[in-house]
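I opened this entry to keep a record of what I looked up, step by step, with the coordinates on screen.

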Amino acid sequence: VIPTFLWLDRYESEPTRYLVVAFLWGALVATLVAAVFNTSAVVVLQSATDPDAALVTTAVLVAPVVEEALKGVLILLVWWFLRREFDGVTDGMVYAGICAAGFAFTENIQYLAQAYAEGGGESLTATFVARCLLSPFAHPMFTVLTGVGVGVAATSRTWLPRLLAPVVGYLLAVVAHAL
């Protein structure tokens, strides 16, 4: 996944240190905070409904909102504080993709460990195929929508697109993630 975003960034490469920060933000900050929010949501929802419904509701309604917001914060921070390094849609896509790849990296480790603990090697294999082989670009694809929105805002000269484009990108990311 990461080589794809490095290839996309090949003509005006972002500094490696910023890409490492983006990956680590996704892998550590976003996943940790998302785990707290998502777990809290499951606990609250389980008190009102059955455990399976609570898990589905969290996966479809809570996790997309929380996870895309946490990954999107990194993109906004880069745009606001590193304006010299953030000059368009491609940069938004690259930072979003690298950050989301970090998020997926940590989340996949968690899902793989959980699958093995609950179902052994067969469950681990099925989870590996589903998450690591069939859908490695899922999180990056969602978050790239936010990156495109921020990239549009970064290149706009008027205030309305600067305000609306990141919001629209984020909302599209949430909807894609929920689906």
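**Entry 1: Phe 23 and its surroundings**

I began with the contacts of Phe 23, leaving aside residues up to four places away in sequence, and I found that Phe 23 touches Ile 2, Ile 98, Cys 99, Ala 101, Gly 102 and Phe 105. I note here that the model is a predicted one. Phe 23 itself has its place in helix α2.

I then looked up the aromatic pairs, and the count came to two. Because Phe 23 lies in helix α2 and Phe 105 in helix α4, the pair ties together parts that are 82 residues apart in sequence. I also checked Phe 23 against Gln 110, which is 87 residues away along the chain, and their C-alpha atoms are separated by 17 Å.

**Entry 2: α3 against α4**

Next I took the packing of α3 and α4, for which I read an angle of about 140° and axes 9 Å apart. I recorded the crossing of these two helices as right-handed. On the α3 side I listed Glu 67, Lys 71, Leu 74, Ile 75 and Val 78, which meet Tyr 95, Ala 96, Cys 99, Ala 100, Phe 103 and Glu 107 in α4. Sorted by class, the residues of this contact are eight nonpolar, no polar and three charged.

**Entry 3: α3 against α6**

I turned to helix α3 (residues 51–81) and helix α6 (residues 159–178), which pack at an angle of about 145° with their axes 9 Å apart. Here, too, I noted that α3 passes α6 in a right-handed crossing. From α3 the contact includes Val 60, Glu 67, Leu 76 and Trp 79, while among the α6 residues I noted Arg 162, Tyr 170, Val 174 and His 177. The class tally for the contact of α3 with α6 is 12 nonpolar, one polar and three charged residues.

**Entry 4: the largest pocket**

How large is the volume of the largest pocket? I read about 980 Å³. Of the 39 residues that line this pocket, I noted Glu 67, Glu 107, Gln 110, Tyr 111 and Arg 131 as the closest to its centre. Glu 67 and Glu 107 were already in my notes from the contact between α3 and α4.

I then asked which helices supply the lining, and found that α2 (16–46), α3, α4 (89–133), α5 (138–155) and α6 each give at least two residues. The largest share, 14 residues, comes from α4. By class, I divided the lining into 23 nonpolar, 12 polar and four charged residues.

Methods
Residues numbered from 1 in each chain as written. Predicted model: local features only at pLDDT ≥ 70, side-chain atom pairs only at ≥ 80, totals over all residues. Heavy atoms only, no water. Axes fitted to C-alpha atoms, helices over the stretch in contact; angles between N-to-C directions. Helix = DSSP H or I, 4+ residues; strand = E, 2+ residues; numbered from the N terminus. Left-handed = near helix turned anticlockwise from the far one by under 90°. Contact = heavy atoms within 4.5 Å. Nonpolar A, V, L, I, M, F, W, Y, C, P; charged D, E, K, R; others polar. 1 Å grid on protein atoms, 1.4 Å probe; cavity = no way out; pocket = protein on both sides within 12 Å on 5 of 7 lines; lining within 4 Å. Points joined across faces, edges and corners; volume = space filled by probe spheres on them. Phe/Tyr/Trp six-rings, centres within 6.5 Å; stacked < 30°, edge-to-face > 60°.
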